[in-house]
Amino acid sequence: MRVFAIADLHLAYVTPKPMTVFGPQWAGHPEAIYERWHETVRPGDLVLLPGDLSWAMRLPDAMTDLGKVAELPGTKILLRGNHDYWWPTPSKLRAALPPGMLAVHNDAVRVGNVVVCGTRGWTTPGYQALNDEDTRLLSREAQRLTLSVEAAGRLRQPGDHFLMMLHYPPASAPYPPNPLTDVIEAARPELIAYGHLHGVPVEKSMRHVGGIPAHLVAADGLKFTPKLLLETGD
């Protein structure tokens, strides 16, 4: 099994929002995603989707967007992004998702010999100090990531690959430690996939947390091609 990741699909079939208003790099979206997905991903593969999947405001509308993704090859694992306002309670979401689509929400999932945990994340300290509300939300996200890591620990078996998704990057330049990186360094996942950042060259993005590889997988930065993260040997 191969594991890919791509974030920030920003689909908008029910809530139209042309992404080209955010820059010419979005030309051809979303058809380019589907075309390159078919070229890259096989039915037995796993695809991580770390947030900002649909511009919809309600779950039924988001399901129209997610249905397009469900038709693509591979098993998909979803994570909530900051624009996924449609995201409901875990039980309601999982009841609505079609076969082959899973979601991480304060917990973890296992597909084959891959265990995936994660949380949305939040703004982290860097060049600018956080206000009180940002500090509160960042602390809450660190707590949620802790719950997800603990759930992964209960699922993991010897030889499993342990992966982590965030929507926001784990830290902000110049990358001082924060509550999320503390959890990450203690958990030691094999790798981290994150999105949210647009117009940022991969070579200028955060590449590791305490030696743990970190991959920026925002769709526009990948030119809409899911990024291969690992091959499990299964």
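Predicted model: local features only at pLDDT ≥ 70, side-chain atom pairs only at ≥ 80, totals over all residues.
Contact here means heavy atoms within 4.5 Å.

An α-helix has 3.6 residues a turn, so residues three or four places apart point the same way. Helix α4 covers residues 132-155, 24 residues in total. At 1.5 Å a residue it should span 34 Å, and its end C-alpha atoms lie 35 Å apart, so the two values agree.

The largest nonpolar core holds 53 residues. W37, L48, L49, I77, L78 and W86 have the most contacts inside it. Helix α2 (residues 59-70) supplies the largest share of this core, with five residues.

A second core is separate and has 28 residues. Among them are A151, V183, I184 and A218.

Back in the largest core, take I77. Which residues does I77 contact, leaving aside its neighbours within four places in sequence? They are L46, V47, L48, L49, L102, V104, V109, V111, V116 and M165.

## Aromatic pairs

The structure holds three aromatic pairs. One joins W26 and F224. Their ring centres are 5.6 Å apart and their planes meet at 55 degrees, so this pair is tilted. W26 lies in the loop between β1 (2-5) and α1 (31-40). F224 lies in the loop between β10 (212-216) and β11 (227-231). The pair therefore ties together parts that are 198 residues apart in sequence. Is W26 buried or exposed? W26 is buried, with a relative accessible area of 1%. F224 is buried too, at 3%.

Another pair is W86 with W87. The centres of these rings are 5.4 Å apart and the planes are at 45 degrees, so this pair is also tilted. Both W86 and W87 are buried.

## Charges over rings

Two lysines sit over aromatic rings. K17 lies over the face of W55, at 4.6 Å from the ring centre. K68 places its charged end over the ring of Y13, 5.0 Å from the centre.

Notes
Residues numbered from 1 in each chain as written. Heavy atoms only, no water. Core = buried A, V, L, I, M, F, W, Y, C linked by side-chain atoms within 4.5 Å. Buried < 20%, exposed > 50% of the residue type's maximum accessible area, 1.4 Å probe, protein only. Helix = DSSP H or I, 4+ residues; strand = E, 2+ residues; numbered from the N terminus. Phe/Tyr/Trp six-rings, centres within 6.5 Å; stacked < 30°, edge-to-face > 60°. Lys NZ or Arg CZ within 6 Å of the ring centre and 35° of its normal. Expected span 1.5 Å × (residues − 1).
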